[in-house]
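Reader: I am new to this structure, and I would like to learn how to read its features with care. Could you take me through them one at a time?

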Amino acid sequence: MTTALAYYKALYKKINCLPIDLRSLRTAKCIARDAFRAGRVVPNSPIEDPKRYRKVSQLADSVLNGDFYLLSQLLDLIYKDPLPQKPWISQFLQTKYSAFKPVWPVVHLLHQFGKDKHKNLYDRELLKSTPESQEFLVMKEMNLSLSPDDIPIKPIQKVHHNQSIVNLVKQMQGFYKFVCRHPDVLLDHKAKSFEIVLEPTRFGLPKSVAARERDYRTKFDPCNVKI
């Protein structure tokens, strides 16, 4: 039976020949080394994770055979897949954007430079277009009333654990500050603001509810999240 050392040497040889930058090459070698030191997913297997080993090995073979369009997949495998994520990162990726809305810092751009009368108009219109203020009340629409002993029926709403979301936002803020302290190493563009910045329309009014929802989704979508 082929030993774990033989598997490791075969993979290491392929990694060492990959046409990637030196930093990525070092990272890939470290990941391979650590993977062979870890516990085995499949009992009695000479390698930690046979499925993953085949995936990495086949991808490396393809790139070495000239399929350079697979380089992006290779880099994803090096930088995105291998290392176990911290719990707060996994929680962030799995949390729906609507859960962040009550706690994530928001900046209404008009508040930063508008005159008081424009701010007041903006705030009034914003309040009118807030989904909570447009809630459809069955009892009111049907002109029904409740006796003092009855409890009003409330619509079923999804409940978020606000405290855990608050802690998650704090973790994200810490990560954001760390990245901003080392822009030369970690960024290749100017960092975007941590807050959600809501711009007014050209008439100085709030965006529509749909447009604001789109801004929230764009901010928290893992495919779009950018610092």
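Reader: What is the mean pLDDT of the protein?

Author: pLDDT is the predictor's confidence in each residue, from 0 to 100, and here the mean is 78, with 75% of the residues reaching 70 or more. This is a predicted model, in which local features need pLDDT of at least 70 and side-chain atom pairs count only at pLDDT 80 or more, while totals for chains, interfaces and linings use all residues. Residues are numbered from 1 along each chain as its sequence is written, and side-chain values use heavy atoms, with hydrogens and water left out.

Reader: At what angle do helix H1 and helix H3 pack?

Author: Two packed helices are described by the angle between their axes and the distance between the axes. Helices are DSSP runs of at least four residues, numbered from the N terminus, and the axes are lines fitted to C-alpha atoms over the stretch in contact (heavy atoms within 4.5 Å), with angles from 0 to 180 degrees between N-to-C directions. H1 (residues 4-16) and H3 (residues 50-64) pack at about 35°, their axes lying 10 Å apart.

Reader: Which residue forms a salt bridge with Lys-14?

Author: A salt bridge is a side-chain nitrogen of Lys or Arg within 4 Å of a carboxyl oxygen of Asp or Glu, and the structure holds four. In one of them Lys-14 pairs with Asp-61, the closest N and O atoms being 3.2 Å apart, which links helix H1 to helix H3 across 47 residues.

Reader: Is Asp-61 buried or partly exposed?

Author: Buried means under 20% relative accessible area, exposed over 50%, and partly exposed in between (1.4 Å probe, protein chains only); Asp-61, at 29%, is therefore partly exposed.

How values were computed. Helix = DSSP H or I, 4+ residues; strand = E, 2+ residues; numbered from the N terminus.
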